[in-house]
Amino acid sequence: GEVREAPPRMGLRRPGELPRLPRASIGRRFASTVLDHLDRAYGLRPEPLIAYRPPDVFEARIEFDHEVESSQALLFPLRRLTADLAAFLRSRDGGVQRFVIRLEHEREGDSDVVVGLLAPEREAGALFDLARARIERAQVPAPVRGMRLRADDLPRFVPDAGDLFASQARPQLPWLQLRERLRARLGDAAVRPVVWRADHRPECILLDGPPVDPRIRAV
């Protein structure tokens, strides 16, 4: 209040008249914060802006009005949560390699459905398909009253490079998504890599590796 009332008493009627006074005079008449404010207002002292950093964790929850007993009834809220996750990933230009779907029960402990991927993904349709396959195979002990999705493994996402002059039509489902869908539907142990063995028989080199570990990121 005192700072606002002082310029009219000094005969100053316009905002531009105050900066024309000697700085020493302004410093004696007003607090030092007035000089700092004038310097920032006229660009004499640039004020650094703090860059916004999106959170490194995504978490969303949907609570149901009644208990849900069918896995098919969970698909609609699951699609909404995975779509929100995909929008979050696109806003930060990243991907997700592991997320947890927590099914909340009223009379039982919560059930966690873990979705682990071999490579980062951010497409809403692919995330929904993988989560749906995991939930359909999960053993849910009680009706569900809420669903929560949490993702904290958010690595950098590098999209596949396309061929500008490709003449052949690409398959409808990319190999990486097909691999993830098979793991989600058949189990992690059902998908194995091809490894080399010192054996001349071709059948000895097929499907002989350990199950693919989702913690190992594909490059």
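## Strand E2 and its partners

In strand E4, Gly146 is the bridge partner of Glu104. E2 and E4 pair in the antiparallel sense over seven bridges; two strands are said to pair if DSSP finds at least two bridges between them. Helices (H or I, at least four residues) and strands (E, at least two) are DSSP runs, numbered from the N terminus. The model is predicted: local features need pLDDT of at least 70, side-chain atom pairs count only at pLDDT 80 or more, and totals for chains, interfaces and linings use all residues. Residues are numbered from 1 along each chain as its sequence is written, and side-chain values use heavy atoms, with hydrogens and water left out.

E2 is also joined to E3 by seven bridges, and these two strands run antiparallel. Within this pairing, Ile101 stands opposite Val113 in E3. E2 and E3 form a hairpin, with six residues between them. Seven of the nine residues of E2 are buried, so the strand is mostly covered; buried means under 20% relative accessible area, exposed over 50%, and partly exposed in between (1.4 Å probe, protein chains only).

## The sheet as a whole

The four strands form an open sheet in the order E1-E4-E2-E3, with antiparallel pairing. Its edge strands are E1 (58–68) and E3 (111–121), each of which pairs on one side only. On average, neighbouring strands are turned by 15° against each other, direction ignored. Axes are lines fitted to C-alpha atoms, for helices over the stretch in contact, and angles run from 0 to 180 degrees between N-to-C directions.

E1 and E4 (residues 144–153) run antiparallel and are joined by seven bridges. One of the facing pairs is Phe58 with Ala151 in E4.

## Helices on the sheet

Helix H4 (residues 75–91) packs on the sheet and touches E1, E2 (96–104), E3 and E4; contact means heavy atoms within 4.5 Å. The direction of H4 makes about 170° with that of E1. Helix H5 (residues 124–137) also packs on the sheet, touching E2 and E3, and its direction makes about 140° with that of E3.

The 14 residues of H5 should span 20 Å at 1.5 Å a residue, which agrees with the 20 Å between its end C-alpha atoms; the expected span is 1.5 Å times one less than the number of residues. The buried residues of H5 include Leu127, Phe128, Leu130 and Ile135.

## Two residues in detail

Glu59 is found in strand E1 and counts as partly exposed because its relative accessibility is 41%. Leaving aside neighbours within four places in sequence, Glu59 is in contact with Arg148, Leu149 and Arg150. Its side chain makes a polar contact of 3.2 Å with the side chain of Arg148 and another of 2.9 Å with that of Arg150. A polar contact is a pair of N or O atoms within 3.5 Å; within protein, one must be able to donate a hydrogen and the other to accept it, and residues adjacent in sequence count only if both atoms are side-chain atoms.

Asp93 lies in the loop between H4 and E2. Most residues other than glycine have a negative phi. Asp93, although not a glycine, has a positive phi of about 55°. With 51% relative accessibility, Asp93 counts as exposed.

## The chain overall

The chain contains six helices and four strands. Buried residues make up 33% of its 219 residues.
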